[in-house]
Amino acid sequence: MDVPLPISFADRVVWVTGAGRGIGRAIALAFAQAGAAVLVNDIDPVTAADTAATITAAGGAALAAPGDVSCPTDVQTMAAAALARWQRIDVLVNNAGIEPVASILEMTEAAWDRTLDTNLKGTFLCTQAAGQIMRSQGRGAIVNIASTAGKAQPLYLRSAYAASKAGQVGFTKEAARELAAYGVRVNAVCPGVVVTPMTEHLRHDAQQMARWMQEIPAQRLGEVADVVHLVLFLASDAASYIVGQAIHVDGGKLMA
């Protein structure tokens, strides 16, 4: 049986959104290390350029593509940039997202709309743009970075985020059903609590840490590498029969 491991993305083009920092940056760097050319998106031009520069300094191929994933014009510009440089897109990772903290009774409509626009509409727009290219190629892989908050795990004071991630999980399944006919696989990764700057303030709360350790069988928080490894696997030919799944990366906190 021919199993393509270790995973290589030589001659593949990968588009990563929200790749200027955190998990998105780590995903972009990992794909580059595995041989891919990477279209590096972030809404912040400085961080997008920094990630791209880090890749090229290490001998890889990258192009910074700053832009707002919720803006159709920006999304089309990103896709066109990849085609102009490399003539294809093989993998899309929909990672861009925001997580405002506010109660339902106090959240502004603008904050709600911005969260759904970025996290859910952005996933749709980028999937549509990349999917059209992948359809013409007859193959491709899309990995959406969702969250356990989009499954059965409530997340206090983050109703907009939870709603957007639940929508992202549902969108993943329907996109997988539609795009499979064109040789395009769509899956989602649902991280739990991961050690990133976004969770730093909570990790300094001893009571919160104690609660997490009671809830997580693995008895540790997730590391960025835990997410990155699964993303690369799902995007690779080694996962060719995995379609429409939303896989938890949470140390066993959710088991359904």
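Mentor: With pockets and cavities: on a 1 Å grid over the protein atoms alone, a pocket is an open set of points with protein on both sides within 12 Å along at least five of seven lines, a cavity is a set where a 1.4 Å probe fits but cannot get out, and lining residues have an atom within 4 Å of a point. Grid points are joined across faces, edges and corners, and a volume is the space filled by probe spheres set on the points. This is a predicted model, in which local features need pLDDT of at least 70 and side-chain atom pairs count only at pLDDT 80 or more, while totals for chains, interfaces and linings use all residues. Residues are numbered from 1 along each chain as its sequence is written, and side-chain values use heavy atoms, with hydrogens and water left out.

Trainee: How much space lies in the second largest pocket?

Mentor: The second largest pocket holds about 270 Å³. Its lining includes Phe 124, Arg 135, Phe 171 and Tyr 182. Helices here are DSSP runs (H or I, at least four residues), strands likewise (E, at least two), numbered from the N terminus. H4 and H5 are the elements that give two or more residues to this lining, and H4 contributes the most, with six.

Trainee: Which contacts involve the aromatic rings of such lining residues?

Mentor: Rings of Phe, Tyr and Trp (its six-membered ring) pair if their centres lie within 6.5 Å; planes under 30 degrees apart count as stacked, over 60 as edge-to-face and the rest as tilted. The structure holds two aromatic pairs. In one, Phe 9 and Phe 31 have ring centres 4.8 Å apart and planes at 75 degrees, so the pair is edge-to-face. Phe 9 lies in the segment before strand S1 (13-16) and Phe 31 in helix H1, so this pair ties together parts that are 22 residues apart in sequence. Phe 9, at 1% relative accessibility, is buried, as is Phe 31, at 0%; buried means under 20% relative accessible area, exposed over 50%, and partly exposed in between (1.4 Å probe, protein chains only).

Mentor: The rings of Phe 124 and Phe 171 have centres 6.4 Å apart and planes at 90 degrees, so they too form an edge-to-face pair. Phe 124 belongs to helix H4 and Phe 171 to helix H5, so the contact ties together parts 47 residues apart in sequence. Phe 124 is partly exposed at 36%, and Phe 171 is partly exposed at 22%.

Trainee: Over the face of which residue does Arg 135 lie?

Mentor: A charge sits over a ring if NZ of Lys or CZ of Arg is within 6 Å of the ring centre and within 35 degrees of the ring normal. Arg 135 lies over the face of Tyr 182, 5.6 Å from the ring centre.

Trainee: How many disulfides does a search of the whole structure find?

Mentor: A disulfide is a covalent bond between the sulfur atoms of two cysteines. The cut-off for the sulfur pair is within 2.5 Å, and the search finds zero disulfides. The closest cysteine sulfur to that of Cys 126 is in Cys 71, at 11 Å, too far for a bond. Cys 126 is buried, at 0% relative accessibility, and is one of the residues that line the largest cavity.

Trainee: How much space lies in the largest cavity?

Mentor: The largest cavity holds about 30 Å³. Helix H4 (residues 109-137) gives the most to its lining, with four residues.
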